[in-house]
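I opened my notebook for this one and wrote down what I looked up, entry by entry. Please keep the model open next to you as you read.

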Amino acid sequence: MSQSLKQPNRLREGGRIDRSHTLHFTFNGKRYLGHAGDTLASALLANGVDIVNRSFKYSRPRGIVAAGPEEPNALVQLGSTEAAQVPNVRATQQALFDGLTAQSTNGWPNVQRDVMSLVGKLGGRFMPPGFYYKTFMAPASLWMTYEKYIRKGAGLGRSPMVPDPDVYDHLNQHCDVLVVGAGPAGLAAALTAARSGARVILCDEQEEMGGSLLDSRELLDNQPADQWVAQVLEELARLDNVTLLARTTANGYHDHHFVTLHERRTEHLGETAPVVDDYRPSRSRMHHVRAGQVLLATGAHERPLVYANNDVPGNLLAGAVSTYIRRYGVVPGNRLVLSTSNDHAYRAALDWFDAGREVVAIADARRAPDGDLVAQARERGIRIIEGAAVLEAKGSTRVSGVRVATIDAAAFKVTGQAETLACDTIASSGGYSPVIHLASHTGARPSWNDEILGFVPGLVKGVHAAGSARGIHDLAAGLADGVAMAARALETLGMTSRAIELPQIDTRREGAACGLYQVPHEKPTLRAPKQFVDPQNDVTAAGVELATREGFESIEHIKRYTAMGFGTDQGKLGNINGMAIAARCLNKSIPEVGTTVFRPNYTPVTFGAIVGRHCRERFDPERYTALHQWHVENGAEFEDVGQWKRPWYFPTIVNGKKETMHEAVARECRAVREKVGILDASTLGKIDIQGPDAREFLGRIYTNKWEKLAVGRARYGLMCKDDGMVTDDGVTTCLADNHFLMTTTTGGAAAILEWLELWHQTEWPELNVTFTSVTDHWATMTITGPEARKLLAEISDIDLDRERFKFMDWRAGKVAGVPARVFRISFTGELTYEINVQANYAMHVWKTLFTHGETYGLTPYGTETMHVLRAEKGFIIVGQDTDGSVTPEDLGMQWCVGYDKPYSWVGKRALSRSDTRRDGRKQLVGLRPKDPAVVLEEGAQIVLDPDHPVPVPMVGHVTSSYYSPTLDSGFALAVVKGGHQRMGETVYLPMADGKTHAAEIVSPIFVDPKGERQHV
Amino acid sequence: MFHIYCPYCEELREEEEFHPKGQAHIARPVDPEACSDEEWGDYLFFRDNPRGIHHELWVHAVGCRKFFNITRNTVSYEILETYRMGEQPRFTAGHPEGKPAEQVAAEAEAVSRQEGVKA
């Protein structure tokens, strides 16, 4: 323990860390120290932690490879408490804070001793690509079982099991120019756009802006590069037209320059957002940016070389070595061997040497490297082995040596005798791949550039790439490109760009790079030690080669077969190498093999950030009726109907006990059938239809006739789509000759209004008619039951005489002293008045009804009772008893179809299609269970012969089913093939628990079949 | 997420304000009863799925509630134009760069003389 508190790899000086500020952290249960400015990865390296994880498939020990988002191995589980758990965090992107607690994502019982590593050691021959598909394919039914254990073995991190204490925000943003990446090109571009007066957003995923300039050896205007960064940022911060977003990843590029930026506001401070003055700030913000022009200055990722055992801890990217030394003051080892195909990677050896540690050798794949950096290495007396590469790393839990030999890259051959060198660190560089992920999200295909040996982004209109992101890796050229591309973006916007003065940079001679991806080995790829292409997904060169041998020629297929570039990696580290290997095996060029499409997100985003505040009670808006408060105060249980909260039932306390739903509904049903009940029906959709052609319109849109509906009368209407299937129903009332009020189902209100507008605007613009939603303007109170008339008479001036105010009439008048429309329509089969008043008056009227209602036993009821009562009468609910495949005739509602209307109304033609005319269509019937105690399950399938061998032909299903207190029996509505011809037949309903219920097919009208009660 | 110009509101608005309603310019047969089952089935169920230029019917559902058409490239998702009911597109599969203005005017004139069919 005492030893672990030292930081053996920390330099005494240098870097951007604050050595006076020491931070404690815990990794895999051990305590370590780091400094402010560290990432978790740099602190682990400072402490000499080699193994940070076990690999996904082979369970091989893995160490830190990179210093940025391309890190494949150092995925950790963050969090000291259950609520703070975050899976899949890259240690290279997690700022260190005091008390940080992290664990390896994989490895059981721990990363040092892993039981699964046996698989890795024996592995290889036993786990080729497609291993899971091939081995666990049959029987298919067992895959779920296999998968559970495979996943447990693999380990992918875990999500927290308790609620997240943090909050997350969404922000909508607009700007003229969005610059992604604050490296040299991005800063130059942002400064140009900002000085030109454009509204600019500049975002960068790192803890600090500056990109490669933060660890650069270059001098800008004879000053260290980070001083120029500080100057530019200071100016940008002062400008009102600029928004600077550090710690902000552009994670997705969507249509029409809609880019999502994930800003992590507190993740560098603690595992949950720190509470300040009892206030918890949002942990992250998702900026929804709609940009005029987008400038991608996303830089490039270095490609590692693919050689044997290149996954042993101690193998790093050359650029990462430089970053750790120069930015974090950490040298991740003592003795370095560099294997490179280019000049730029020499920085790693120079930085290592300048930090006072030993550079054993540089293996340069080129014959006669002669750039300035090469010369600097020679000046320091560093041994350079020309035309050579590292063939193989030695060691198991840490690199102990390398085998280096001269190679012929083009012929893919080792040409010389291998030399073994002792070392503990290998840095490799196979060149630089522009980060084309965001450009690729737009669907634009990248193109191969032979000069830079990499793909450059394909760009849709309005997107620009600058600097390294399009292959311009030279610093001075990259800065100039940032200015030029910003000017181009501004020009597109019609703005004049103002030039900026660029800093002076010494020109440096750089030798040409050579193309090297997989390093040849003395043994053929399939027999050599594993050469990893994608360490995160454990994809090897042999795996890619095997895939090509098995006939996978498209890179998209190779990717899916091997899992290369899958998951959170998204091909950052290994895709180009994988393509190069496939190209070699298939004897094609890399562009001929193609490239895969990168998808959002660039790096993983927590669900919290995606969801923002749209969770819990804010997930969906809630709509309340004007009477909601009364329902709450009277103990209603609520049901969600669309966005509405509707009273479901009103349980009362009986003998000190709260009624069950069954008891409450039985009591409410009896009240309606015997006395009077009241329902808040305000949620029914109400559409006000006006105009000289309103009546004609109704005739075309409804199945039934409207030409003779007189003022003062109402009519039930059925609506079909043009395919003849029922889509909505409701009562429409004639208020005046050119004025109608249509009611729709609660859930269908918005869709039906849009439906009416569709027909009016696109097919019948010649009809003079308008539609207005008045759902919220009117509150609807349904009083129903034998006592309804007496109750209403007490508080209304309307003449309620049964001969003068008949069933299906409506009257205007006053109820409880306020203006009202009263409709005599019924959804219960009882004498019913639907009282409509302005929503503001609703509570007054409702309470007045209750003041007078006690005498009559007025009982509030909810949707459940409403359903029972309507089903007893065989009244359908569209969407419950119908499902988009049911015609009016299937429902037995021919009485509601105007076959002889002059206009071919919507749905008419389809009713004479062969399919709607055929026998054996499912038709609506009633079902009466033989055992009255049984309430059939809604959705239960209906069969004619329960003893039929499997598969049993199914002839229909239950659509609505309840217990009826009136019948003292279960009853149901159902659709049954040819049901109308099967009255009196017995059908069977086999249930999941093995029981089979028998039921008789009956009329769907169970109560008052002649409809006398509603006419009293 | 699309950024859609409503030709009635004359503003660019976010896609969430709109509903897509399928292929544009599908006129309901004037005399449905005269259609064969096959013709009626074609009208009801069969739609184009072009790679490239496509004309679509949209509605500004939570805006002005007006229906209008969009010419959109189904590959790049670029919206080339939006136009009102009764108007004809300038960009078509035959004229991916846009028809000349005179032709557009002549077509608009011809359409306005047809009665009833405005889709």
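Here are my entries, beginning with the ground rules.

**Ground rules.** I am working with a predicted model, where local features need pLDDT of at least 70, side-chain atom pairs count only at pLDDT 80 or more, and totals for chains, interfaces and linings use all residues. Residues are numbered from 1 along each chain as its sequence is written, chains are lettered from A and ligands numbered from 1 in the order in which they are written, and side-chain values use heavy atoms, with hydrogens and water left out.

**The A–B interface.** I started by asking how many residues of chain A are in contact with chain B. I found 30 residues of chain A touching 31 residues of chain B, where contact means heavy atoms within 4.5 Å. The buried area comes to about 2,700 Å², with 47% from carbon and sulfur atoms; this is the accessible area (1.4 Å probe) that two parts lose on being put together, summed over both. On the chain A side, His256(A), Glu754(A) and Arg909(A) lose the most area to chain B, together 25% of what that side buries.

Next I looked at the charges. The rule finds six salt bridges across this interface, each a side-chain nitrogen of Lys or Arg within 4 Å of a carboxyl oxygen of Asp or Glu. I noted the one between Lys21(B) and Glu754(A), at 2.6 Å from N to O. Helix H20 (residues 749–762) of chain A gives the largest share of the side that touches chain B, seven residues. My helices (H or I, at least four residues) and strands (E, at least two) are DSSP runs, numbered from the N terminus.

- "SoxA A3" (unreviewed entry) covers residues 529–610 of chain A, a span with 45% helix and 6% strand and its end C-alpha atoms 42 Å apart.
- "GCVT N-terminal" (unreviewed entry) is placed at residues 627–901 of chain A, where I read 26% helix and 29% strand, with 41 Å between the end C-alpha atoms.
- "Aminomethyltransferase C-terminal" (unreviewed entry) is listed for residues 922–1008 of chain A, a span with 0% helix and 49% strand whose end C-alpha atoms lie 25 Å apart.

Most residues other than glycine have a negative phi, and most peptide bonds are trans. The peptide bond from Pro600(A) to Asn601(A) is cis, with omega near 5°, and Asn601(A) lies in the loop between helix H15 (590–593) and helix H16 (607–611). Val950(A) and Pro951(A) are also joined by a cis bond, omega about -5°; Pro951(A) sits in the loop between strand E48 (941–943) and strand E49 (954–964). Asn222(A) has a positive phi, near 60°, in the loop between strand E10 (219–220) and strand E11 (223–224) of chain A.

Technical notes: UniProt positions renumbered as here; feature names shortened; annotations may be inferred.
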